[in-house]
2 protein chains.
Amino acid sequence: MISIRRISLAAFAAICCAASPVVAQTHPGIFISRAEGAAIRASLGKYPVLDRVVRDAKLTMDSAFSHPMDVPQPGEAGGYAHERHKQNYREMQTAGILYVITGDVRYARFVRDMLDKYSILYPTLGPHPLAGNQAPGKLFHQSLNEANWLLATAIAYDCVYDWLPLSERKKFEKNVFRPMADWLSVNQAKEFDRIHNHGTWATASVGMIGYVMGDTSYVNRALYGTRRDKTGGFLRQLDLLFSPDGYYMEGPYYIRYALMPFYQFAEAIERRQPSLKIYDYRGQILRKALYSAVETSFPNGVFPAINDASRTMAINAPEVVLAVDLAYRRYGADERLLGAAAIQNDVVLNGAGLEVARDLAKSATPPKMTLGSVEFTNGPTGQGGGLGILRTGNGADATMLLMKYGVHGGGHGHFDQLHFVLFDGGREVVPDYGFARWINIEPKSGGRYLPENDTYAMQTIAHNTVVVDETTQNGGKDAAAENAPAMRNFFDASNPFVQAMSARANDQYKGVSMQRTMLLVRDARLAHPVVVDLYRVVSDAAHTYDFPVHFRGQLIATNVRYTAHASSQSPIGSGSGYQHIWNTASGAAPEPLRMTWLDGNRFYSFISAAAGGDEVIFGRTGANDSSFNLMSEPLMILRAKAKSRLFASVIEPHGFFSEPEERSLDATPVLQQVRVLADGAEGSVIEVSGANGIRWTVMVSNTAPSATGRHHVEAAGNSYDWTGNFAVEGVKQR
Amino acid sequence: MISIRRISLAAFAAICCAASPVVAQTHPGIFISRAEGAAIRASLGKYPVLDRVVRDAKLTMDSAFSHPMDVPQPGEAGGYAHERHKQNYREMQTAGILYVITGDVRYARFVRDMLDKYSILYPTLGPHPLAGNQAPGKLFHQSLNEANWLLATAIAYDCVYDWLPLSERKKFEKNVFRPMADWLSVNQAKEFDRIHNHGTWATASVGMIGYVMGDTSYVNRALYGTRRDKTGGFLRQLDLLFSPDGYYMEGPYYIRYALMPFYQFAEAIERRQPSLKIYDYRGQILRKALYSAVETSFPNGVFPAINDASRTMAINAPEVVLAVDLAYRRYGADERLLGAAAIQNDVVLNGAGLEVARDLAKSATPPKMTLGSVEFTNGPTGQGGGLGILRTGNGADATMLLMKYGVHGGGHGHFDQLHFVLFDGGREVVPDYGFARWINIEPKSGGRYLPENDTYAMQTIAHNTVVVDETTQNGGKDAAAENAPAMRNFFDASNPFVQAMSARANDQYKGVSMQRTMLLVRDARLAHPVVVDLYRVVSDAAHTYDFPVHFRGQLIATNVRYTAHASSQSPIGSGSGYQHIWNTASGAAPEPLRMTWLDGNRFYSFISAAAGGDEVIFGRTGANDSSFNLMSEPLMILRAKAKSRLFASVIEPHGFFSEPEERSLDATPVLQQVRVLADGAEGSVIEVSGANGIRWTVMVSNTAPSATGRHHVEAAGNSYDWTGNFAVEGVKQR
């Protein structure tokens with residue numbers, strides 16, 4: 001984790017002890033106001049997204065009205081009662097908001113009737129008996145779900161507050177809201193003060209119900225922790241859970257869930273205690289948190305599956321919709337956020353959502369989410385490595401190259417330093433496998449992580465990075481990996497035609513130093529940007545170096561003269577994930593090695609320098625997968641046995657294929673050759689060449705990064721000179 | 001092929017010798033008129049589809065204007081010159097039509113300038129030297145492409161005819177159009193008179209240029225053949241190339257291409273010789289031809305990959321767009337065609353396309369293409385078997401069950417009698433493999449059929465039908481299969497809750513009779529329609545019967561206690577396609593056998609009665625695939641060794657899964673059991689049962705089909721009585 005002590009102390013001084021008056025109590029006042037409800041009502045028929053969201057909300061309630069209301073006795077996780085209570089709070093929130101928008105008392109009545117049922121049930125409940133080793137709720141097995149319930153219901157209650165008779169409000173507060181808020185913040189004080197997103201859910205829900213009930217004691221507990229000294233509480237969480245640039249250490253898949261309580265509570269604070277200036281807190285850390293999430297996403301809005309993560313979680317998740325709308329309103333109308341909203345095709349129902357829907361409707365064509373290249377560093381001075389993203393192109397057609405060289409990522413971390421992912425042509429073409437989990441599918445180990453998550457998905461060979469001696473980085477040990485983050489080398493996106501990022505990993509394999517430099521090159525003679533990759537491994541002892549490229553789609557052509565293991569197949573190894581890969585074919589590597597595959601409407605060619613003795617293995621996942629848990633996907637491994645080695649390669653997207661149109665163009669690449677011209681302690685020089693007169697010389701420094709250092713390398717009678725971390729000659733920019 | 005002698009003679013008498021005056025010559029007059037062009041111009045900004053199509057056409061021409069015009073010397077198929085000439089005729093057609101719509105002379109000039117270049121090149125050309133064994137063109141290696149060129153260019157010429165000075169017209173006709181029309185209809189008379197879609201391209205193109213030039217000799221040759229006696233020509237092609245219900249014998253993938261010349265020439269005839277009433281010809285055979293194509297399509301518009309066919313060819317192909325628009329105008333505004341047009345999201349640029357675009361814009365929500373159940377018989381009396389399609393549900397959410405029991409299909413035929421395909425939840429969930437071909441991808445055997453088309457895709461095991469003794473139907477011999485069509489048994493879609501189709505195949509395996517009855521059942525206690533399948537094989541000798549179910553997506557659960565071939569894999573057999581399937585796992589079949597897989601957002605469970613000694617094999621395609629030509633897809637095989645056997649099974653779609661939403665519901669099926677209660681010469685009776693009190697009794701007659709025959713079967717002390725071909729008891733309809 002990062003150290004941010006200085007920052008949090010400063011923040012503490014600025015805010016904790018300041019008087020922060022709560023504005024006069026009006027209802028609704030934490031998420032949507034009467035005026036916003038009226039504005040939405042007046043806008044219906046004008047903004048297509050808003051119309052659809054309101055219509056969907058009404059349909060949800062029509063369906064709810066048509067079924068008997070049920071507030072069952074608590075049950076087990078994932079069972080009927082559990083799901084019913086979840087649906088109940090969602091429906092109450094929807095009903096409350098629709099009441100504010102439409103004024104239709106059926107919606108208010110729905111909230112009241114359901115709260116009535118809860119006010120009978122809740123006082124009868126003790127701690128849930130099936131909590132296991134988690135903090136228990138009462139309605140739910142874990143207090144996290146209880147906080148989810150309270151957060152949504154606080155909004156619902158706020159919406160119907162003025163409509164309810166005082167006697168009803170008293171009953172609900174006495175029987176449900178105060179006991180629940182006390183349960184979360186007093187009985188479960190430890191969980192409440194925890195610096196973790198579960199703690200954020202607890203503080204947000206207690207703070208929000210505090211605002212609605214007009215009880216500042218709950219609010220202050222939520223803001224400053226149970227001891228009111230900011231050793232816990234929402235502000236402390238804002239201090240500690242993000243790196244200074246807003247990056248959430250567990251990765252984009254995890255920030256998604258946390259955005260909901262952070263933004264929901266922040267919005268309530270802004271409305272009820274504007275003097276706190278919560279959106280400006282810690283240098284606008286909430287803005288940075290959202291942007292860091294959005295800025296890691298692929299051009300189609302899907303989050304890269306860094307570490308244990310789903311391959312499909314995307315910015316259209318409701319938590320991100322909330323954060324995008326609120327950030328758009330609170331931090332200024334940013335075209336990139338509007339582009340994100342266009343992908344989301346969804347808004348929240350308050351004034352912020354209305355603004356987004358309105359501005360989306362203003363655009364003749366849907367706004368594009370065009371993001372730039374960006375690096376997220378881990379740790380306040382960047383010593384924890386980072387995550388580099390190079391981008392070129394516009395909107396969904398953009399190309400994105402991501403390299404991971406940050407901290408390990410705790411128990412969810414994968415052993416994948418210097419791993420890369422390539423997104424092009426609307427698809428993740430060199431993919432991350434993500435987690436081995438069929439999430440929430442009961443017959444697949446209860447929807448939890450599968451054994452293959454440990455034995456395959458976390459292992460180094462499941463990624464696009466070099467594996468030494470068929471073993472996983474840091475021996476596959478979390479603790480060792482946590483202590484050995486990769487190191488940033490340089491990141492330079494200043495020239496849109498030649499962008500580069502470089503990192504080192506010297507502590508993943510004993511006695512082996514690794515430096516990877518990846519470039520994204522646009523040459524006017526090529527239809528698409530090209531990935532250039534210089535992966536340098538150095539050791540005093542001989543090792544087996546496996547350089548894998550995972551892909552999807554169909555292998556189209558290769559110049560490898562392989563032996564197909566066509567009538568009998570066995571795994572390529574016996575451990576470290578190798579046991580899960582069938583050996584489909586193998587052969588000696590030609591010089592240069594070429595492989596073309598088809599993915600979607602485009603061809604991709606991997607072309608690599610190879611040396612005598614190099615071997616190529618074509619594999620497919622699925623071996624030793626007795627429960628059919630793995631996805632069946634192909635990969636290629638370039639295997640070298642050497643002390644040191646520079647893996648020099650390119651990936652060229654090319655051509656077009658449409659099966660329905662029966663059109664195929666340019667199935668062979670323009671680039672033909674990658675040669676290593678020089679490789680030593682001073683620098684590496686490679687040449688990439690092909691048709692159309694293309695001949696690039698790519699020079700990368702292997703010494704400590706310096707933008708001004710001069711480098712001189714001689715090889716085969718030629719000399720190469722450049723200044724700075726890298727240089728590329730021969731790229732035609734127009 | 002079918003016999004339709006009687007029909008064609010009648011048609012001949014009615015039309016061939018009748019006087020059929022050509023209407024007064026106005027230009028443009030074969031595809032679009034000046035009035036239609038003006039109407040389109042006046043409609044811009046009103047109908048989104050039309051706007052987009054016009055915008056795209058203009059962009060195409062902007063791009064064409066920005067490059068030097070090139071009319072190169074002829075070259076090889078697929079090479080630059082070949083592709084350039086193809087693009088040239090497309091651009092001329094686009095330019096001509098845009099000239100009529102916009103009046104912008106840049107477009108007319110483009111057509112003139114290009115025709116100028118062709119009028120220099122064409123007179124210098126002889127027969128193309130690379131024709132091989134095909135009829136040669138001059139610009140192209142085969143005359144088919146020459147006809148494509150002439151058809152498109154006839155439209156372009158028609159559009160700019162009045163704008164061109166007489167001298168230019170004379171030049172083009174003398175140097176290009178007449179020589180080309182003569183080449184196609186005189187030099188290549190045999191090809192011209194051929195009853196084949198290549199002949200249709202030739203007649204259509206010659207007839208259309210004849211209309212534009214005002215030369216009825218070409219028109220009459222096109223209509224009635226080179227001998228003007230209707231032994232060849234367009235009308236004869238209309239007589240012979242379709243079954244009486246319009247079904248095109250090679251299947252939907254093939255009719256798609258043929259629709260273009262049929263409809264394009266018909267439209268020209270209708271405009272220039274309306275007295276011919278071409279759209280009414282042979283009982284509106286053109287209408288039937290289009291509908292039979294559209295009606296075989298899946299709810300998403302994709303054509304089933306019957307025989308050698310692409311898995312993705314769909315009704316949005318430009319040929320089908322043309323036919324849908326023209327049929328919509330000429331045969332009346334049919335809501336189903338409008339639904340097809342909504343899927344196409346495309347129109348042609350003439351009055352017909354304008355009508356479709358206008359009516360699409362009228363609909364608040366996009367019209368749905370909701371098709372009913374339908375059977376296409378092969379041969380005039382249905383003795384050639386047929387193709388049965390059961391459907392339920394609306395629009396893209398409909399479920400479609402298709403069974404193939406028709407003629408073999410010539411050299412493109414697959415050995416797949418009684419094969420079925422299931423489409424549900426927007427996907428082809430029990431798929432047809434289609435052809436083994438990466439169409440037009442040069443490195444994959446030049447984009448032609450791959451060896452695996454013969455060794456796998458055509459074989460019986462590649463389909464969802466029983467394989468006897470691990471050998472392919474009819475020994476994999478086309479001639480034998482052509483002489484042994486399957487037989488219709490019955491088809492009854494009268495009850496929307498219980499629809500059934502049944503067929504027999506007694507000549508596919510010597511000494512083995514097969515009858516398959518498939519039902520699509522909707523029960524109010526189930527979320528989705530269920531497939532019920534009774535596949536009865538009868539023999540005097542013991543055989544191995546393999547019952548395969550191909551699927552996509554991920555295997556989720558099975559009750560088979562299998563041995564996973566997890567660390568070494570070999571093919572499940574050595575020939576008949578078996579050599580291409582890896583044996584992933586195998587085990588004894590439990591009673592009943594259950595397997596659940598996930599495909600898209602839905603789970604599917606196959607539940608089958610099994611008998612002692614039955615075996616289950618889980619396989620995956622890709623063995624003996626040394627060139628990576630096959631797609632890697634899973635299947636399950638239920639293997640029985642017996643003399644006779646009733647395979648009784650169901651497929652239940654259930655639940656919901658969304659990985660991005662992390663929601664999973666009902667991953668286990670409602671149905672639990674399938675039991676065979678009785679099976680004999682009189683009939684088969686099975687019971688399907690599950691949760692929610694479901695208990696269906698399904699009775700099927702095994703005697704000759706009769707809607708009124710009474711059946712009585714006794715078994716285990718129970719008696720079962722029903723009238724007609726089948727009966728189902730216990731289905732809750734509401």
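Q: Which residues of α7(B) do S143(B), E146(B), A147(B), W149(B), L150(B), T153(B) and Y157(B) in α6(B) meet?
A: This is a predicted model, where local features need pLDDT of at least 70, side-chain atom pairs count only at pLDDT 80 or more, and totals for chains, interfaces and linings use all residues. Residues are numbered from 1 along each chain as its sequence is written, chains are lettered from A and ligands numbered from 1 in the order in which they are written, and side-chain values use heavy atoms, leaving out hydrogens and water. Contact here means heavy atoms within 4.5 Å, and helices (H or I, at least four residues) and strands (E, at least two) are DSSP runs, numbered from the N terminus. On the α7(B) side, the partners are R169(B), F172(B), E173(B), V176(B), F177(B), M180(B), A181(B) and L184(B).

Q: How do the residues of the contact of α6(B) with α7(B) divide by class?
A: Ala, Val, Leu, Ile, Met, Phe, Trp, Tyr, Cys and Pro count as nonpolar, Asp, Glu, Lys and Arg as charged, and the others, Gly among them, as polar. Sorted that way, the contact of α6(B) with α7(B) comes out at 10 nonpolar, two polar and three charged.

Q: Are α4(B) and α6(B) roughly parallel or antiparallel to each other?
A: Axes are lines fitted to C-alpha atoms, for helices over the stretch in contact, with angles from 0 to 180 degrees between N-to-C directions. The axes of α4 (residues 80-102) and α6 (residues 143-160) of chain B come within 8 Å and cross at roughly 25°. Angles under 35 degrees count as roughly parallel, over 145 as roughly antiparallel, 65 to 115 as roughly perpendicular and the rest as oblique. So α4(B) and α6(B) are roughly parallel.

Q: What is the bridge partner of V674(B) in β23(B)?
A: β22(B) pairs with β23 (residues 683-690) of chain B in the antiparallel sense, over seven bridges. Within β23(B), the partner of V674(B) is V688(B).

Q: What relation do chains A and B have?
A: Copies are superposed by least squares on the C-alpha atoms of residues with pLDDT of at least 70 in both. A rotation of 180° with 0.0 Å of shift along its axis puts chain B on chain A (RMSD 0.0 Å). That is the relation of a two-fold axis.

How values were computed: Two strands pair if DSSP finds at least two bridges between them.
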